[in-house]
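Please look at the sequence and the three-dimensional structure shown here before reading the report that follows.

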Amino acid sequence: MVEVGDKVIGYSTDPGVRNKGASGGLVTAILAAALEKGLVEEVVVLKHINEYEAIPIITSDVEDVLASAGSMHTVPVNLAKYAIGKNVAMPGKPCDIRGVIEQAKRNEVNIDNTYLIGLNCGGTMYPVQTREMLINMYDIDPEDVTGENIEKGNLIFRTKSGEEKGISIDELEEAGYGRRLSCRYCDVKIPVNADLACGNWGVIGELTGNATFCEVMNEKGVRLLENAIDAGYVEIEPASDKAITIREKVNNVMLSMGEKWSEKVFTEIPDGERTQYYMEQFADCINCGACKEICPVCTCGEDSKCTMYHNLEDNYRMSMFHMVRLMHLSDSCIGCGQCTDVCPVDIPLTTIFRRFADKSQKKYNYKAGMTLERPPFLEVMPR
Amino acid sequence: MTENKQWEPKIVAFCCNWCSYGGADTAGMGRFQQPASLRIIRVMCSGRIDPLHVFNAFLEGADAVLVTGCHLGDCHYVNGNYKTQVRYDFMEDMVKELGLEPERLHLSWISASEGEKFANFVREVTEQVRKLGPSPLKPEGVN
Amino acid sequence: MKEMIYQTICPGCGIGCGLYIRKNAEGKLSIDHMKSSPVNLGKLCRFGMKLPYYYAKENNAVNQVNASNADVETAIKTAVEILKDADSSSTALLSVGNTTNEEQMAFTKLAATLSTVVQTGVSSECLNMPEASLAEIEKAKRIVLFIDPYAQYPLIVRRLLTAKKNGASIVAVGTQPLNLADETLDLKPGQYDELKLDRESLIIADMHPNSDIKLAKNILVLAQKTGAKIQFMRSFMNSFGTGLSVNQENKMFGLAELVEDIELGNIRTLVVLDSDPIELMPDNEAAIEALKKLDKLIVISSRSSPVTELANIVIATEPVYSKAGTFLNAEGKLLKNSGTGKAGVDALSLLNAGIGGKAFTYDEMNYLVLKAIEAQKENRSVAAECAASDNGISSPKVLKGKYELKYLYNPFMWFDQKDDNDFVLLNRNTVRKLGLRKGGYVNMKSDRGELKMRFRVEALPDGLVLTAKKLPVATGTSTIISMERC
């Protein structure tokens, strides 16, 4: 049967799911099996509203799972917080999974009964910007779009009439569109921190577009996959060496692209100018608190140091709120970009948090959200 | 404040009740000259010093902050100062990234008998900070 | 019960930020960001982030007859009896725009049956419709702000910052320095030439029941004279929607005039739709005294608020997020709720039928709304030609040793929400002169009594004290007070 470390190619046995879901519907089928066979009580999935919008729901209804199938590059949400306090299975991008693991480190999520199906991720895009891009770059009416995919560095849109049009991501990003900034320099593309790491990289030959490459990362992954096979929901076959090599290759290309972006974004600010720079960045803050509220690694709740010691009547050069958060996130920031997304005054928060977190995390060779073995290290004794 | 009067830095020192506060006391009793720049805040253990206390000191107008406690292994509460050490490492990185000069934040282990060490430490920091000038985080209207 | 997710817009101001309200199985509310909303990209301000408190169960209205709980049928029946007896010349209907277009349209039908009109709290002298999308702000070359975007309309801050990045110069007219403005000028209308506006300039001002109508006129004239574009921000979620059913010829009064009419006894019966004159007027006590003079007060509302305490009849509708309906935002976008609640329209239909009018359904109202929007698109009304009034805006004379306490309108504060905004702004000179201590209090005195407040130091002109909250010592938007250390 399945063992930890296995690399397989799999797909749903149900022809409907196989055709509807992205890449053979493997993930959809595994989720449905986990729910039907009682491995979990609920699953977290994205409820499809339109091509540019979906909302996370927590459901025990298999129909919802089947309806959620499909790739969603224009829905930049983080699912970590929806898993809190529940017995769920959830699909997730590497940053969703990293969020769940950081939550688990702080005892908000019971990782033993939370099943994580990771999805390869090359990046997500903003929905409103994508619509604009479709008009300006693709010459496609956003309402006509029926699907989208990223293949070989091209972003491809399918329209109602069955046509497909692809433009290279580099070109799009040059024009100011494309992926969110935090996705461009993200350094985890294959979710090796999940229980199963799934994706279409490495699916070759006649199965292209019709199956999913899946790596079993741990015992929970074995349980998930075996459960789905036993239930007759999925079929798997071992991945060929060629498939494994291709997956590695795609990953490496993506990672090196990310590194280039990282160099471009994180240009060093000279010593004498940094304080001024940060003070100016935070000067427009309206104290809405959205960055904390949405942060997938924040577990403090409403009464936390950042909010309780921050007072609107203080006119400090920098707010205590941001000072405390800069400190607090330096060991746990996963760089998911949610804070930048929701900031009403467009402060590049993720980039700022990464500037602080990168330094500390590199120094201690620590990457937040990758493994439960290393606890939040701001709280532990030096070795 | 008149222009020609020399600017005195404000230095906040967090001292633990059992060692470094004693050290400050010994420094006083030993009549070691101590600069007027020093404000001591006594805490029961250096492990109580949260990074937010340090940042708040800066935001309130401190030009430098000293974190002091018992020597490692001598903590009255077994391992409080190890925790201080972990947090301090982070604070140090953060203060550096924030663009403050590293001379503005110090950690020192001082026992109750090391009055002279305490006095020298404070004097040295004062001299360094005097050269740097006021902290950029000092609020408007605070000297 | 399963979790419910409602797609709705923020009720805070006229921008109409899209968001989701999630209601879990236990009835606990939370918000979720809707990043596909073209208005706000999922971003929300302080008010939006605190919506679970605003919509909390204890804030929901309940049906009442003479201050005791009743079922909805009784409430409507009693209201019908009152309206049947009411004289149309002494009956007023008020809705400032805190509800859907459909309810607004239904309210207009009720007004027609009563042979009167719906007042919106803003004088018809300078009624205006949204001119352009808020994205236009980003393209302006020169922007003049007659508002404080940070406190009043936070979601346009990002637009202004982008404009600045694109090279725009931003001037704030007023007393409070704004971080994003290149300069702050405290100008009187006669000095507006100094603003140096041209066709590529944009003026951003706001219009609400307490706006100084003279100032608004002056701003309109300034725009006409210089060719600058003007964007009026509005303070209620559906302020612009109230304009859909307004007949251009009808005389509309400002809220203050309406309250004055109530005080004088010209209005004996008042029907309000999700509008609370007590919250809206700068002086709570005076507004309560005025409303007490009414013979009958009927409140149709989703929220309980000070006015529901005074009402003879309260007809409760469901919270705004769960209503079916549409809204028109500050840029003329039609936004839609995913909710299905139709209690408001149904109640209005019963009222209308009860007093001899026609019954109607939600779908009929929705059809009329869409038709009105079509008509408006074809027939874009030009901003009313306004003549500048000669008499300038007078500010009170502040005697030596006294201070002017000014209430900086903040749309979100109109709902008397709890907020950690409990302080006044004053300048450093004042702090020095009074010998105030950091972290301490300042004692403010007026004819109304005394109040201890915390304070924050800001670069304001001497003698000015700003507040973002209605304070009990204030008697209006501007009050002369004395202050001392305590």
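In what order do the 5 strands of the open sheet of chain C stand? The order is β10-β9-β8-β11-β12, and the pairing is parallel. Here a strand is a DSSP run of E with at least two residues, a helix is a run of H or I with at least four, and both are numbered from the N terminus; two strands pair if DSSP finds at least two bridges between them.

This is a predicted model, in which local features need pLDDT of at least 70 and side-chain atom pairs count only at pLDDT 80 or more, while totals for chains, interfaces and linings use all residues. Residues are numbered from 1 along each chain as its sequence is written, and chains are lettered from A and ligands numbered from 1 in the order in which they are written. The predictor gives the complex an ipTM of 0.92 and a pTM of 0.92. For chain C the mean pLDDT (the predictor's confidence in each residue, from 0 to 100) is 88, and 92% of the residues of chain C reach 70 or more.

Strand β11 (residues 201-207) of chain C is joined to β12(C) by 6 bridges in the parallel sense, and C:I204 stands opposite C:Q231 in β12(C). Helix α6 (residues 213-226) of chain C lies across β11 and β12 of chain C and runs at about 160° to β11(C); such angles run from 0 to 180 degrees between N-to-C directions, with axes fitted to C-alpha atoms, for helices over the stretch in contact.

Chain A holds an open sheet of 8 strands with mixed pairing, in the order β3-β2-β4-β5-β9-β10-β1-β11. Because β3 and β11 (234-238) of chain A stand at the edges with a single partner strand each, one side of each is left without a neighbour in the sheet. Strands β9 (residues 196-199) and β10 (residues 212-216) of chain A run antiparallel and are joined by 4 bridges, with A:L196 opposite A:V216 in β10(A).

| Sheet | Strand order | Pairing |
|---|---|---|
| chain A, 8 strands | β3-β2-β4-β5-β9-β10-β1-β11 | mixed |
| chain C, 5 strands | β10-β9-β8-β11-β12 | parallel |

**Where chains A and C meet**

Counting two residues as in contact if their C-beta atoms, placed from the backbone, lie within 7 Å, 27 residues of chain A are in contact with 30 residues of chain C. On the side of chain A that touches chain C, β3(A) gives the most, with 4 residues.

**Cores and a buried lysine**

A nonpolar core is a set of buried Ala, Val, Leu, Ile, Met, Phe, Trp, Tyr and Cys residues joined through C-beta atoms within 7 Å. The largest has 202 residues, of which B:I11, B:V65, C:I143, C:L145 and C:I203 touch the most other members, and helix α13 (residues 320-329) of chain A gives the most to this core, with 7 residues. A second, separate core of 66 residues includes A:L35, A:A89, A:Y115 and A:L196.

B:K10 is found in the segment before β1 (11-16) of chain B. B:K10 counts as buried because it has 23 C-beta neighbours inside 10 Å, where 20 or more make a residue buried, 12 or fewer exposed, and numbers in between partly exposed. Leaving aside neighbours within four places in sequence, B:K10 is in contact with B:S37, B:R39, B:G61, B:A62 and B:D63.
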